[in-house]
Amino acid sequence: MRLTYEWWYFSDELDRKTCNKIQNLFNTKNSERAKIGETSKKVVDKEARITEVGWCNEQWLYDLVWPYMEGANKMAGWNFDIRGAESIQLAKYETGAFYNWHRDGGSDSLSAYNKPDNDFLDGRIRKLSMAILLNDDYEGGKLQFCSYGNEGFNISTPEFYKAGSIIVFPSFMDHRVSKVTKGTRYSLVVWFVGPPFK
């Protein structure tokens, strides 16, 4: 699939008070070392990712992020069929933490969730990913994308470094968070789901 826009960006959108409120949620959740892999076979892999994560399902957060997803989906011209969102991830990247190249989800029916007990996820795939930066008093920790063309690949780094900035992108995009070299990076991540592409 060739995209006109590989991501859509809202710069410095949320105020510091809101960012701090979300960041403080991390301290109230049981955090764990992030795992990668298939749902049933997730493992800690320090070569692929070093991040602490916590999870929440607070309705006010969904109410906050949903309009940004809808706006990006429309303005970027994707118009993906979105039906719900997964649990929200709060991520903490301390000095030395990173997340190597990965995709948040596949785009075919083989990537669909098999969760008959969960109406939001069953039979659906991750279609759009969203990240919100909650602070900017750190160094490194750049969100980067890799796209492919006839002449090879291109690595791009959006101007995504101010607290309160929001970025939305198709979940099948290759991306990474480079190593944090100083301080601690906090972010919120949401995956929006819908039926497989046809």
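Two strands pair if DSSP finds at least two bridges between them. Keep that in mind for what follows. One caution: this is a predicted model.

Start with strand S13, residues 174-177. S13 has strand S7, residues 98-102, as a partner. The two run antiparallel, and 2 bridges join them.

Strand S10 covers residues 143-149. How many bridges join S10 to S13? There are 4, and these strands also run antiparallel. Here Cys-146 has Asp-174 of S13 as its bridge partner.

Step back to the whole chain. DSSP gives 2 helices and 15 strands. The radius of gyration is 16 Å, and the globule rule gives 16 Å for 198 residues, so the chain is as compact as a globular protein of that length. Along the principal axes, the C-alpha atoms fill a box of roughly 45 × 45 × 35 Å.

Next, contacts. Take those in the chain with a separation of 6 or more: 82% come from residues 24 or more positions apart.

Burial and surface. Of the 198 residues, 47% count as buried, which here means under 20% relative accessible area. The accessible surface comes to about 10,700 Å². Carbon and sulfur atoms hold 45% of that surface.

Key. Residues are numbered from 1 along each chain as its sequence is written. This is a predicted model: local features need pLDDT of at least 70, side-chain atom pairs count only at pLDDT 80 or more; totals for chains, interfaces and linings use all residues. Side-chain values use heavy atoms; hydrogens and water are left out. The radius of gyration is taken over C-alpha atoms; the globule rule is 2.2 Å times the number of residues to the power 0.38. Buried means under 20% relative accessible area, exposed over 50%, partly exposed in between (1.4 Å probe, protein chains only). Contact means heavy atoms within 4.5 Å. Accessible areas come from the Shrake-Rupley method with a 1.4 Å probe; for residues, only the protein chains shown count as cover.
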